[in-house]
Amino acid sequence: MNNLANLQAQRNQFQLFPFHMVTASPWPMFISFSLLILTMGSVVYIQGYASPFGDSGISLVLLGFISTALCLALWLRDVVTEGTFLGDHTIPVQKGLSLGMVFFIITEVFFFISIFWALFHSSLSPDVALGGQWPPVGIESINPFELPLLNTILLLTSGATVTYSHHAVINKNRAGAISGLILTVVLATVFTICQGIEYYNAPFAISDGVYGSTFYLSTGFHGIHVIVGTIMLAVSLGRMIQYHFTNTHHVGYESSILYWHFVDVVWLFLFVSVYWYGGLIQRLIPY
C-alpha cells in the first residue's frame with residue numbers, strides 16, 4: 001500500500017488536471033472469463049449435460065460464481081483504495097461517478113419497463129388460451145395484503161432509515177449514521193427472507209404459463225436487485241465503521257442510497273401491478 005501511495009504521489013506532481021487517469025487493471029479481463037465460466041456452467045446445468053468434472057454442471061456454476069465474486073471484491077478493494085487513501089476521487093471525479101450511477105439506473109428503469117410491458121400485454125387483453133381473464137383459469141393469485149404488504153412496509157421503512165443515515169452523515173452524526181444503516185441492512189435482509197417464504201408457498205410455478213413467467217421474472221429480478229443493493233449498503237456500512245466517509249466525501253454511499261431508492265420505487269409498481277391488479281378480478285369474481 002505504501003509503495004502504491006508513493007507512486008501515486010509522484011504521478012500527481014506532474015498532473016495538471018483533476019481527473020483520475022485509471023491505471024491498468026487485470027480485473028475486467030478476469031471478470032469476463034469468470035462470467036463466461038458462470039454462463040457456460042449455467043447452460044450445462046439447465047440443459048442437463050455432463051460437465052468436464054463429471055457432474056451435471058453445478059461445479060462449473062459454483063466455480064464461475066466464486067471467481068466472479070472474488071474478482072468483484074478485489075476490484076472494489078482497488079476502487080476503495082483509489083478513492084479513500086490515494087485521493088484520486090476529486091470533486092470532478094465524484095460528479096462523474098454520480099452521473100454514471102444515474103445513467104446505470106436509467107438503463108435499469110428501461111429493463112423493468114420491458115418486464116411491465118410483457119405483463120400488461122398479456123393481462124390487459126387476455127386471449128382465449130388464458131380463459132379470457134387474468135389471472136388465467138386455474139391459477140390462484142397471491143393475496144397482496146399478506147406477505148406482499150409486509151414486504152412493502154419493510155422496503156418503505158428501509159428507505160426512511162437509509163435517508164436518516166444519510167442525513168446523519170451530512171450532519172456529522174456518526175452514531176446515527178451507523179445505526180440507521182444497520183437497521184436498513186436488517187430490513188433488507190428480512191425482505192429477502194420473506195420473499196423466499198412467499199416463493200416456497202406460492203400456489204403456482206414459473207412454468208404455469210405467462211402468469212407464472214411474468215410473476216417470477218418481475219419479482220425475481222427485483223429480488224436480485226434487492227440482494228445487490230443490500231450488499232452495496234453492507235459494504236458502505238463496513239467502510240463507514242472504518243471512517244472511510246466524511247460529510248462531504250461519501251460518493252459510494254450516495255450511489256448505494258440512490259440505487260436503494262430505485263429498488264423501493266420499482267417494488268411499489270410491482271405491488272400495484274403484479275400483486276394487487278394481478279389478482280383483482282379473481283378477488284372480485286371468485287370462481
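**Domains and overall build**

The protein chain is divided into domain 1 (25–88) and domain 2 (90–284), with bounds that come from an automatic or database domain assignment. This is a predicted model, in which local features need pLDDT of at least 70 and side-chain atom pairs count only at pLDDT 80 or more, while totals for chains, interfaces and linings use all residues. Residues are numbered from 1 along each chain as its sequence is written, and side-chain values use heavy atoms, with hydrogens and water left out.

**Contact between the domains**

- The C-alpha centres of domain 1 and domain 2 lie 24 Å apart, and the contact (heavy atoms within 4.5 Å) takes seven residues from domain 1 and six residues from domain 2.
- About 450 Å² is buried between domain 1 and domain 2, with carbon and sulfur atoms giving 60% of that area; buried area is the accessible area (1.4 Å probe) that two parts lose on being put together, summed over both.
- On the side of domain 1, the residues that lose the most area to domain 2 are Val-80, Thr-84 and Asp-88, which together account for 62% of what that side buries.
- The residues of domain 1 that touch domain 2 divide into three nonpolar, three polar and one charged, where Ala, Val, Leu, Ile, Met, Phe, Trp, Tyr, Cys and Pro count as nonpolar, Asp, Glu, Lys and Arg as charged, and the others, Gly among them, as polar.
- Between domain 1 and domain 2 the count is zero salt bridges, a salt bridge being a side-chain nitrogen of Lys or Arg within 4 Å of a carboxyl oxygen of Asp or Glu.

**Helices and annotated spans**

- The protein chain has nine helices and zero strands, taken as DSSP runs (H or I, at least four residues, for helices; E, at least two, for strands) and numbered from the N terminus.
- The C-alpha atoms of the protein chain fill a box of roughly 75 × 50 × 30 Å along the principal axes.
- UniProt, in an unreviewed entry, places the feature "transmembrane region" at residues 27–46, 58–76, 96–120, 181–202, 214–237 and 258–278; such annotations may be inferred rather than shown by experiment.
- Residues 58–76 are 100% helix and 0% strand, with end C-alpha atoms 27 Å apart, and residues 258–278 are 90% helix and 0% strand, with end C-alpha atoms 28 Å apart.

**Loops and backbone geometry**

- Most residues other than glycine have a negative phi, and most peptide bonds are trans.
- A cis peptide bond, with omega of about 5°, joins Trp-134 and Pro-135, and Pro-135 is placed in the loop between helix 4 (91–123) and helix 5 (147–170).
- Pro-126 is also found in the loop between helix 4 and helix 5, and, leaving aside its neighbours within four places in sequence, Pro-126 is in contact with Gly-132, Gln-133 and Trp-134.
- Lys-172, which is not a glycine, has a positive phi of about 60° and lies in the loop between helix 5 and helix 6 (174–201).
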